[in-house]
Amino acid sequence: MSDASEAVQRPASETLLEQEYALPPEQRFNPLRWARREPAGALGVVLILIIGIMSGAAPLLNTTDPKSLESFTSDNLVGPSSDYYFGTDRQGRDVWSSVLYGGRISLKIGVVTVLVGTVGGTLLALIAGFVGGPVDFGLSRVADMLFAVPSLLLAMILDVVLVDKLPDLPALPAEELARVLAIAFFFMPGAFRIMRGSVLEQRSGQYVEAATLIGAGQFRIMLRHILPNITGLVIVLTTISLPAAILTEATLSFLLGSDAPSWGAELSGDSRQFFKNAPWLAIFPGAALAITVFGFNMFGDSIRDTLDPRLRGRI
Amino acid sequence: MWNYIIRRLIAIPLMLLVLSLVLFLLIWTLPGDAAFTAALSIADTVNLEKLQERFGLDRPWYVQYGDWLGGIFVGDFGDSLTPPHDSVMGSVKERLPKTLEVGLLTIILSAVISVPVGVISAVRRNKPEDYLLRAGTILGISVPNFWTGTLIIIYAFVWFNWNPIQDWVEFTEDPLKNLAIVIFPAAILAYSGAAYTARIMRSAMLEVLYSDHVRTARAKGLRERVVIFRHVFRSALIPVLTVVGLQLGTILGGAIVAEQIFAIPGMGLFALERIVARDYTAVLMITMIFAAMFMFVTLLVDILYTYVDPRIRY
């Protein structure tokens with residue numbers, strides 16, 4: 001009894017407790033052991049790293065920035081060669097460069113989108129789970145309703161509606177910002193549903209009852225007790241949603257076009273008429289996209305199985 | 001049971017009503033009148049004012065909404081904001097059957113592929129055939145369908161000198177020609193859909209395979225075939241049914257991509273064209289039709305549950 005109250009008053013004993021319950025070194029997370037147990041996940045990590053590093057280091061890898069003027073050359077529609085690894089397009093632009101630079105955009109939008117979508121969905125789920133009553137009912141019905149609209153259609157409408165209204169941010173031009181918000185909205189109803197279930201489940205846990213008894217406020221319980229307990233699920237949800245986000249970004253860029261050379265945009269628009277004579281224009285951006293999504297799928301599945309195998313088949 | 005169905009049938013129009021209001025507000029308040037005027041003025045600068053009046057854009061949004069809602073009840077879906085300002089209802093009537101045909105074929109193909117793949121993959125767990133099928137399903141969910149579609153078109157031409165994009169032919173005119181057109185969009189949509197369903201099928205089967213009632217079934221000496229199909233398969237169908245129901249939304253979304261690639265003049269291509277043209281009357285109506293279809297299918301799936309799983313009663 002006295003121990004417990006001291007633990008609450010003196011943070012020093014919390015550190016002691018942590019030391020006592022810390023895992024012995026051999027049980028701590030070891031990437032190499034994880035890789036051996038989850039070879040598919042490790043393959044995913046390797047693929048993601050390769051794509052990520054190559055996009056990040058694009059200027060060092062014999063490329064010309066596709067947005068710069070010198071990217072236009074007179075060698076148009078040349079097949080893959082030692083000068084142009086992936087061939088060139090109609091305006092003589094190097095496909096190898098646009099694939100690497102396109103990776104930057106696809107990865108950036110994918111990651112930002114998933115963060116906005118899952119974090120937003122989680123916050124709404126916390127609010128719904130705690131305030132309850134009409135707020136919970138209202139948010140849940142809105143989620144049900146949004147579920148009924150094909151998410152791609154909704155994302156397209158939002159993208160078009162928002163793009164005329166948004167300002168240019170330093171790192172995100174209005175076009176990309178609209179795309180981020182549209183795709184984030186695509187994920188929010190799903191994330192909200194899963195997280196709401198988890199919040200309600202945690203809320204009925206005994207530790208919440210205990211915290212309420214020592215007089216913790218609702219807000220404190222929400223942030224200090226429940227949030228840490230659902231963080232694992234948030235991480236799983238984020239990794240699992242990443243490939244879908246990248247794929248959706250590509251699909252939106254494919255359908256609606258994009259100023260930036262993203263992977264989806266390279267397969268769309270005027271260049272399609274040259275594909276039959278210059279298949280490399282279609283093959284390489286699509287392959288880069290497929291490999292990235294494949295890597296993230298493998299990685300996400302393994303992360304889910306490692307962190308919480310019970311989620312298999314649910315998300 | 002009937003009670004439940006009737007309650008759900010009443011809820012659907014109510015949800016559609018709220019959805020229409022939300023969409024109306026989203027579209028009408030966010031872009032403001034400027035966007036509409038822009039959509040109209042691209043079309044026609046001379047008659048701009050007359051057009052604004054015709055579409056009632058000079059009135060407050062709630063009057064416009066009331067008008068729109070009143071129109072729905074008499075089967076008037078409004079006219080396109082973009083020329084030739086034809087009735088949205090007419091386009092929908094012409095285009096919806098094409099998308100339904102593609103969608104139906106997708107669902108059939110997807111079920112025919114995914115169920116055996118899931119079952120074999122689970123029963124032969126961690127055997128070579130399981131690895132092979134799993135690799136195939138992971139590819140199916142990773143490879144973007146607009147890329148698969150594009151590659152099919154390129155290589156059908158390069159290898160066979162044949163163009164899969166043909167002018168639309170009605171099924172009633174020439175069934176074979178019609179199927180030759182519809183099979184490609186359906187196949188690429190079915191591949192990604194089936195891959196997803198097969199993965200769910202596999203994990204659902206695995207979960208049931210190690211449960212008590214299956215052990216009992218084996219213990220009383222039933223043949224393996226009977227155990228798998230009568231005991232495991234039926235229980236495993238429940239989560240699969242949920243996924244297949246939800247997939248309708250993905251298929252309708254996918255129809256936008258597939259119809260665009262293979263130039264099928266259906267609802268998906270209609271949606272894309274109208275969205276790009278910022279023709280919001282049409283966009284609103286397309287969204288409502290897709291949502292209504294989804295809601296009815298969800299209800300159908302919920303009713304089907306009671307047949308697959310007698311424990312579920314409403």
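What percentage of the contacts in chain A between residues at least 6 apart in sequence join residues at least 24 apart? The value is 70%. The model is a predicted one, and the values below are computed from it.

## The two chains

The C-alpha trace of chain A spans about 80 × 50 × 35 Å along its principal axes. Chain A has 315 residues, of which 49% count as buried.

Chain B likewise comes to 12 helices and zero strands, and its pattern along the sequence is α-α-α-α-α-α-α-α-α-α-α-α. Of its 314 residues, 49% count as buried. In chain B, 73% of the contacts with a separation of 6 or more are made by residues 24 or more positions apart.

The accessible surfaces of the chains are listed here.

| Chain | Accessible surface | Share on carbon and sulfur atoms |
|---|---|---|
| Chain A | about 15500 Å² | 63% |
| Chain B | about 15600 Å² | 66% |

## The interface

How many residues of chain A are in contact with chain B? There are 42 on the side of chain A, and they meet 46 residues of chain B. Chain A and chain B bury about 3900 Å² between them, and 79% of this area lies on carbon and sulfur atoms.

The count of salt bridges between chain A and chain B is one. In a salt bridge, the side chain of Arg199(B) meets that of Asp301(A), with a distance of 2.6 Å from N to O.

## Aromatic rings

Over all chains, the whole structure contains 11 aromatic pairs. One of them is formed by Phe254(A) and Phe146(B), which are stacked, with 4.6 Å centre to centre and 10° between the planes. This pair crosses between chains: Phe254(A) belongs to helix α10 (residues 218–256) of chain A, and Phe146(B) to helix α7 (residues 145–160) of chain B.

Tyr155(B) and Trp159(B) both lie in helix α7 of chain B, four residues apart, about one turn of the helix.

In chain A, one aromatic cluster is made up of Phe86(A), Trp96(A) and Phe284(A).

Arginine side chains also lie over aromatic rings. Arg141(A) is placed over the face of Phe137(A), at 4.9 Å from the ring centre. Arg203(A) takes up such a place over the face of Phe130(A), at 5.0 Å from the ring centre.

## Two buried residues

Ser198(A) is in helix α8 (residues 174–203) of chain A. With a relative accessible area of 10%, Ser198(A) is buried. Which residues does Ser198(A) contact, leaving aside its neighbours within four places in sequence? They are Ile230(A) and Leu233(A).

In chain B, Met285(B) is in helix α12 (residues 280–308). Met285(B) has 5% relative accessibility and so counts as buried, since the limit is under 20%. Not counting residues up to four places away in sequence, Met285(B) touches Trp68(B), Ile72(B), Phe77(B) and Val88(B). The C-alpha atoms of Met285(B) and Gly118(B) are separated by 37 Å, and these residues are 167 residues apart along the chain.

Methods:
Residues numbered from 1 in each chain as written. Chains lettered and ligands numbered in written order. Heavy atoms only, no water. Buried < 20%, exposed > 50% of the residue type's maximum accessible area, 1.4 Å probe, protein only. Contact = heavy atoms within 4.5 Å. Areas by Shrake-Rupley, 256 points an atom, 1.4 Å probe, with all protein chains shown as cover. Phe/Tyr/Trp six-rings, centres within 6.5 Å; stacked < 30°, edge-to-face > 60°. Lys NZ or Arg CZ within 6 Å of the ring centre and 35° of its normal. Buried area = accessible area lost by both parts, 1.4 Å probe. Salt bridge = Lys/Arg side-chain N within 4 Å of Asp/Glu carboxyl O.
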